[in-house]
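Here are some notes for a colleague who is meeting this structure for the first time.

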Amino acid sequence: MTGCGAVVRQVAGGAVIVLSGDIDGSAADVLSGAYQRAVADGDPATVVLDFSSVGYINSTGIALIVSVLAMARSQRRKVVACGLSDHYREIFDITRLSDFIELFGGLDEAVSQLVQTAG
Amino acid sequence: MTRLADGETRRLAEFTVPSEPGNERLVLTRVADAIADHGLSERNLDRLKTAVAETAMNAIEHGNRNRSELPVRVEVDVDGQAIVVAVTDHGGDRAGGAGAGGEPVEPDIDLKLAGEQSTRGWGLFLIRHMVDAVDETTHGAWHTVRLVMRLGTAGEQGDGEGDGR
């Protein structure tokens, strides 16, 4: 079991939340705090969730991601994600999270999309 | 991997864990160790691991109500057709849909995003989509959820939504 970590950084066209560890019930404060930091500066149009260093997501973690998505949509922000393993991509498809969160392979791909959108 | 004769079942693991939050990860690890090299693809191994962790979490939180003195019992079997993981808790007195752990409502992300349904409630949904079959039995105080992941092509090609669920 590895605690959830989150690093926030601003990029052209959006903000990136680099997640690490486990996305489960213990990640609630980390995830919501990271989202608040991400949108506090620069009013980003898009928030990127980078799951490259996440090893485990459970049903409670899915609920937390839905909460972040709901918050972002209420603020008219887009959420995209990158770095998901094939297994978690399948879970995003089954839960239909991927209907609302565009998925990219890696962070560079996701960020370059932001730059294109911003340009 | 040793091929089993028709009808032969082999017990791969049998253990208990205390009902403490987070112990579903311990269950996941021990089951994964037990079923390594028994013919599941990486994809189906990941799917079964998710189903096992969610089932164990339900057993700990809802079946045994996080009472650490109540163990969750796990049995892992293989036969020529499938891996079967049975998770037993003390929730036999629960109302219908005990395996759901209070999640009788089919999760709908549209409703969740509209604030009309709790963001939670994905556990049983994931379990049902991750394995080939799920069944629940209750004997007195005991409640058991059995997860079945078929070996070979059926399980590899299935989307986990079959078996009449």
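1. A crossing of two helices is called left-handed if the near helix is turned anticlockwise from the far one by less than a right angle, and right-handed if the turn is clockwise. With that in mind, and remembering that this is a predicted model, one can say that α1(A) passes α2(A) in a right-handed crossing.

2. The two helices of this pair are α1, residues 28–40 of chain A, and α2, residues 59–74 of chain A, which pack at an angle of about 20° with their axes 10 Å apart. Angles under 35 degrees count as roughly parallel, and α1(A) and α2(A) are therefore roughly parallel to each other.

3. Where they meet, α1(A) contributes A:A28, A:L31 and A:Y35, while α2(A) contributes A:L64, A:V68 and A:M71. Sorted by class, this contact has 6 nonpolar residues, with no polar and no charged ones.

4. The largest nonpolar core has 75 residues, and those that touch the most other members are A:I17, B:V52 and B:L147. Neighbours within four places in sequence aside, A:I17 is in contact with residues including A:A34, A:Y35 and A:A38, as well as A:V47, A:V48 and A:L49.

5. As for the contact between the chains, 17 residues come from chain A and 15 residues from chain B. On the side of chain B that touches chain A, at least two residues each are supplied by α2 (42–63), α3 (109–113) and α4 (123–130) of chain B, and the largest share, 4 residues, comes from α2(B). By class, that side of chain B has 6 nonpolar, 4 polar and 5 charged residues.

Terms used:
Residues numbered from 1 in each chain as written. Chains lettered and ligands numbered in written order. Predicted model: local features only at pLDDT ≥ 70, side-chain atom pairs only at ≥ 80, totals over all residues. Axes fitted to C-alpha atoms, helices over the stretch in contact; angles between N-to-C directions. Parallel < 35°, antiparallel > 145°, perpendicular 65-115°, else oblique. Contact = placed C-beta atoms within 7 Å. Nonpolar A, V, L, I, M, F, W, Y, C, P; charged D, E, K, R; others polar. Core = buried A, V, L, I, M, F, W, Y, C linked by C-beta atoms within 7 Å. Buried ≥ 20, exposed ≤ 12 C-beta atoms within 10 Å, placed from the backbone.
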